[in-house]
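Please take a moment with the sequence and the structure shown here before reading on. The briefing that follows goes from the whole chain to a sheet, then to a helix, and ends with the ligand.

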Amino acid sequence: MIEGVSGEETRITQISNARPGSPLPAASFEVEEPQILRFSTPASEECARWGPRFAQDDNLRGAEDPKLREHCGVVAIHGHPDAARQAYLGLYALQHRGQESAGIATANGSSLSNIKGMGLVSEIFTDEVLDKLKGDMAIGHTRYSTTGDSALLNAQPIRVESTKGLIAIAHNGNLVNLGNLRARLEREGAFFQTTSDSEIIVQLIAHSRAGTLVDAIADSLSQVDGAFSIVMMTRDRVFAARDPRGFRPLSMGRIPNPDGPDTIVFASETCAFDLLRARFERDVEPGELVMVTSDGVTSRRYSTGIPQSSCIFEHVYFARPDSKIFNRWVQESREQMGRQLARESGVPADLVVPVPDSGVTAAIGYAAESGIPFRFGLIRNHYVGRTFIEPEQRVRDFGVKLKLNPVRNLLEGRRIILIDDSIIRGTTSRKIVRMVRSAGAKEVHLRISCPPTISPCYYGVDTPRKSELIAANNSIEEIRRFIEADSLAYLSLEGLEKACDGGEGNRFCVACYTGDYPTHWVDVEDILPAAAEAVR
Ligand code: SF4
């Protein structure tokens, strides 16, 4: 049960970015009362409801083998009388993309309000809080981050008063040329209040010599490198943009309005459109900047000629199976991954069993292709909360058992093919293999629906350092022995790309499987210290 606001509020009034003696600030950050809310209640039950990401990750926080985490999800609404509640619904559907903080900014043509807090969307945005957010435009953000106070300070949207007017911004992804840009902006008088990539972008907008806001945004985006799907809002306009390589998804939808202009919506994943009753219209293209005003939707390319490299791990794990990203249904990709896995590494067995929930769709595909029956031989306890296991190391060691339980009468005496979506450190996989074997399975064959993860991500995914990635330091046979499986096979890279493309002609980033990065990650130490250590 959610018990509500703890009463602990952080109040920050106008913070100027001007250094002593410097000219007028180009941008100043406003976080007005009581716009940052901090929640003390654990989020376990809400997390558990969403299945794969929440319950599993939080349950294993601080333990041996967490899943990789996405950083953010974004939404934007233009032309709805209760834009805040629409943004809330969109964020609710995107909660799997970040569970540490959330925020919504709204605008009504003359003013711009912003509320953000630590916790889940449903914890922060009660009816009372949403009532404070007036306007027919909104942007929203949900975020995963790793640290306490900095997480609060870096919660988004960020609202900035600049020489180009009042702007609210939220983004998903990671920039990879932070250091250079930051140093240059600081030389020009900027004083940074956060470590957020969003602040780099708004400082660039504020310092741009372009004559109009839209030109300044385009100018700013053309200077940053890396992964970003961005939503922005002024008092009377909404903007959405994707980086030129299209790392992270961002889609545009429409809620038809027979009595006036349609509501235009943007979201990291199309699953958000279903709750909003919005019709999917199209993806925001890589290198595209879309502007929505009361006159309608306009679009411009701020970058061309850079090859697409959309994150393939969105299809493997992050995105919800009921979303369509990069023009492809995630459910279809995952089922094809399972089918391809069966073709590449079939093995005689009695049952195909998914590691729930994230291995389910690939297991359905594997079973369909191989003709081996699919069964839920492992049951997830969706009501295990993070607070239950955090206090005692002794309890943590039982994390997997708390979370998963074998169906003994299905597994006993059978040859089992276990399907999972990744192995990060290997310790959780070993516990699951042991669990299935101790339930009486005669053989346990582990099949993974993507290639071995050998390299960290610099584009918005929280990856362990290379030294902690089991596949970066061991052969497949060594991993098999470590996890104590009778056999182990991963999906090939070609097989994964084929499964995720589905004839759409997409080109993907596969750097965590190859170590071959699509950008020059010149400022690695600014992006991810652990990763920097890994490549030294
Ligand atoms: Fe996605 Fe991996 Fe590329 Fe990161 S490195 S963007 S997780 S494919």
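The secondary structure of the protein chain comes to 24 helices and 28 strands, in a model that is predicted. Of the 536 residues in the protein chain, 61% are buried, and the chain exposes about 20000 Å², of which carbon and sulfur atoms supply 48%. When contacts between residues at least 6 apart in sequence are considered, 71% of them join residues at least 24 apart.

**An open parallel sheet**

- An open sheet is formed by 4 strands in the order β21-β24-β25-β27, and their pairing is parallel.
- The edges of this sheet are β21 (351-354) and β27 (487-490), each of which pairs on one side only, and neighbouring strands of the sheet are turned against each other by 20 degrees on average, with direction ignored.
- Strands in a sheet pair through backbone hydrogen bonds, in either a parallel or an antiparallel way.
- Strand β21 is joined by 4 bridges to β24 (residues 415-420), the two running parallel, and within this pair Leu351 stands opposite Ile416 of β24.
- Strand β24 is in turn joined to β25 by 6 bridges, again with a parallel course, and here Asp420 stands opposite Ile448 of β25.
- Strand β25 is mostly covered, since 5 of its 6 residues are buried.

**Helices on the sheet**

- Helix α12 (residues 330-345) lies across β24, β25 (443-448) and β27, and its course runs at about 125 degrees to β27.
- Helix α20 (residues 476-483) also packs on the sheet, where it touches β25 and β27, and its direction makes about 130 degrees with that of β27.

- In helix α9 (residues 213-223), the buried residues are Leu213, Val214, Ala216, Ile217, Ala218, Ser220 and Leu221.
- An α-helix has 3.6 residues a turn, so residues three or four places apart point the same way.
- The partners against which the buried residues of α9 pack are the helix α8 (197-207) and the strands β10 (165-172), β11 (229-233), β12 (238-242), β16 (288-293) and β17 (296-301).

**The ligand shell**

- Which residues surround the ligand? They are Arg248, Cys311, Ile312, Phe313, Cys457, Tyr459, Val461, Cys509, Ala511 and Cys512.
- By residue class, this shell around the ligand divides into 9 nonpolar residues, no polar ones and 1 charged residue.

Key:
Residues are numbered from 1 along each chain as its sequence is written. This is a predicted model: local features need pLDDT of at least 70, side-chain atom pairs count only at pLDDT 80 or more; totals for chains, interfaces and linings use all residues. Side-chain values use heavy atoms; hydrogens and water are left out. Buried means under 20% relative accessible area, exposed over 50%, partly exposed in between (1.4 Å probe, protein chains only). Contact means heavy atoms within 4.5 Å. A residue is near a molecule or strand if one of its heavy atoms lies within 4 Å of it. Ala, Val, Leu, Ile, Met, Phe, Trp, Tyr, Cys and Pro count as nonpolar, Asp, Glu, Lys and Arg as charged, and the others, Gly among them, as polar. Accessible areas come from the Shrake-Rupley method with a 1.4 Å probe; for residues, only the protein chains shown count as cover. Two strands pair if DSSP finds at least two bridges between them. Axes are lines fitted to C-alpha atoms, for helices over the stretch in contact, and angles run from 0 to 180 degrees between N-to-C directions.
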